[in-house]
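Reader: I'd like to learn how to read a few features off a model like this one. Can you walk me through some?

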Amino acid sequence: MANVDLPFPQQAGTKVSAILSDGDSVVRVLAVDDEQAASKLVGIMLRPPAFHCTTASGGAEALEILRTERFDAVISDLQMPGISGFELLAEVRRSFPHIAFLVTTGVDDVDVGVQAMRSGADDYLVKPLHENAVLASLESALHKHSLERQVEDYRQHLEEMVATRTVQLQEALRQIECSYEDTLEALGAAIDLRDNETAGHSQRVCGYSLEIARALGWSENQLGNLARGAYLHDIGKLGIPDGILLKPGPLTPEERTVMQRHAQIGFDLVRDIAFLADAAEIVLNHHERYDGNGYPRGIKGDDILPSARIFAVADSFDAITSDRPYRRASSFELGREIIRQCSGTQFEPNVVAAFLGISEETWPAIAKDQRQLGSGSSASRRIRNSLRPILSTVPQ
């Protein structure tokens, strides 16, 4: 190995050194040729102070030098004993992809030089070498690799920006989900405060509905829409007069007509809230019957929203098994029997079958901690917290 640092005056190499991206003003070149005169000639052409040229007598020596020193370019002969120029080129492209690689070839081997370029060389030089040709080729190759480094740096910077933006987006979504939770809690609390006699009903019906939907194989996204609709289904009762809503006895036909308006009132309240758009349909349809004798639209069968068909079973089951101002609660066993008897009339048979297929112990377990009055109770808070992961799911 020989280092060629001859004291020639500065020349056109300053233009080449200006391409370097690491701030180094010296272009470091490794000249590889089994003919010492040829590598020495390259060193004379690439003289200081713009260049620092190191020579190697073959591919094996060149690889040893490359592993211990930093270089910007390699200028290598192709026809060498031992490790050939092609093999050296392949190894440099694998291990040092940012190093420019020029090959030298004889006049009769131009096709071999072109083949080398196809294998990853940046350019080929025909012997005998001329200084201007070497400098021009080296400048072009270094400029190409400088651009490649800039592109790579930009790509990495872009990936960092994307990662940062992703974190920011996730935080924004988390805040949105928190606002969903807050909105649902406020609306749920308003319902409980308005109709204290049935406090906890929305949470129980939500839990019942989710159990039935899971038994039917619903996805998590579907569960989210169902939970929101079930949780808010009675929001329309905020618009019903106290004399009717809290009446301890049976309603008159006129009062029943007013009471039935709560489905439409609730729908009108939430339909323009983007993340409650699907839930609004449940609010509207939750008193429709499978046989078409429900309200407010009297639709039937498959025309009723699937989530509303599930909810209808859960809502009626909770109404049967809960105390109301005008009657005492019935047992869970009787509630299951009434639901079974209404299959095909009030309720969809497939939903009833899924409901009846769920263990009888499930329903009292869901209801146990929810039969508490007042939305501020610790039990109510526990239930609301258990529903949060589903209620706050961003609708798709």
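This is a predicted model: local features need pLDDT of at least 70, side-chain atom pairs count only at pLDDT 80 or more; totals for chains, interfaces and linings use all residues.

Author: What follows is a short tour of peptide bonds, helix packing and surface features.

Reader: Fine by me. Let's start with the backbone: which peptide bond is cis, with omega near 0°?

Author: General idea before the case: most peptide bonds are trans. Here, the bond running from Lys127 to Pro128 is cis, and its omega is near 0°. As for location, Pro128 sits in the loop that links β6 (123–126) and α6.

Reader: And which peptide bond is cis with omega near 10°?

Author: That's the one from Tyr295 to Pro296. Pro296 belongs to a loop too, the one between α12 (277–285) and α13 (306–320).

Reader: Now helix packing. At what angle do the axes of α13 and α15 cross?

Author: Roughly 50°, and the axes come within 9 Å. To name such an angle, you check it against ranges: under 35 degrees is roughly parallel, 65 to 115 is roughly perpendicular, over 145 is roughly antiparallel, and the rest is oblique. So α13 and α15 are oblique to each other. The handedness is a separate label: α13 passes α15 in a right-handed crossing.

Reader: How does α13 pack with α14?

Author: The angle there is about 140°, with the axes of α13 and helix α14 (residues 332–341) 9 Å apart. That makes α13 oblique to α14. The crossing of this pair, α13 and α14, is right-handed.

Reader: On to the surface. Which residues form a nonpolar patch?

Author: Tyr154, Leu158, Met161 and Val162, which together have about 370 Å² of accessible area. Take Leu158 as the example: you'll find that residue in helix α6 (residues 131–194).

Reader: How far apart are Gly357 and Ile212, in sequence and in space?

Author: This is where you compare two kinds of distance. Along the chain, Gly357 and Ile212 are 145 residues apart, while their C-alpha atoms are 9.1 Å apart in space.

Key. Residues are numbered from 1 along each chain as its sequence is written. Side-chain values use heavy atoms; hydrogens and water are left out. Patches are made of residues with over 30% relative accessible area and no salt bridge: like charges are joined within 9 Å, nonpolar side chains (Val, Leu, Ile, Met, Phe, Trp, Tyr) within 5 Å. Accessible areas come from the Shrake-Rupley method with a 1.4 Å probe; for residues, only the protein chains shown count as cover. A salt bridge is a side-chain nitrogen of Lys or Arg within 4 Å of a carboxyl oxygen of Asp or Glu. Helices (H or I, at least four residues) and strands (E, at least two) are DSSP runs, numbered from the N terminus. Axes are lines fitted to C-alpha atoms, for helices over the stretch in contact, and angles run from 0 to 180 degrees between N-to-C directions. A crossing is left-handed if the near helix is turned anticlockwise from the far one by less than a right angle, and right-handed if clockwise.
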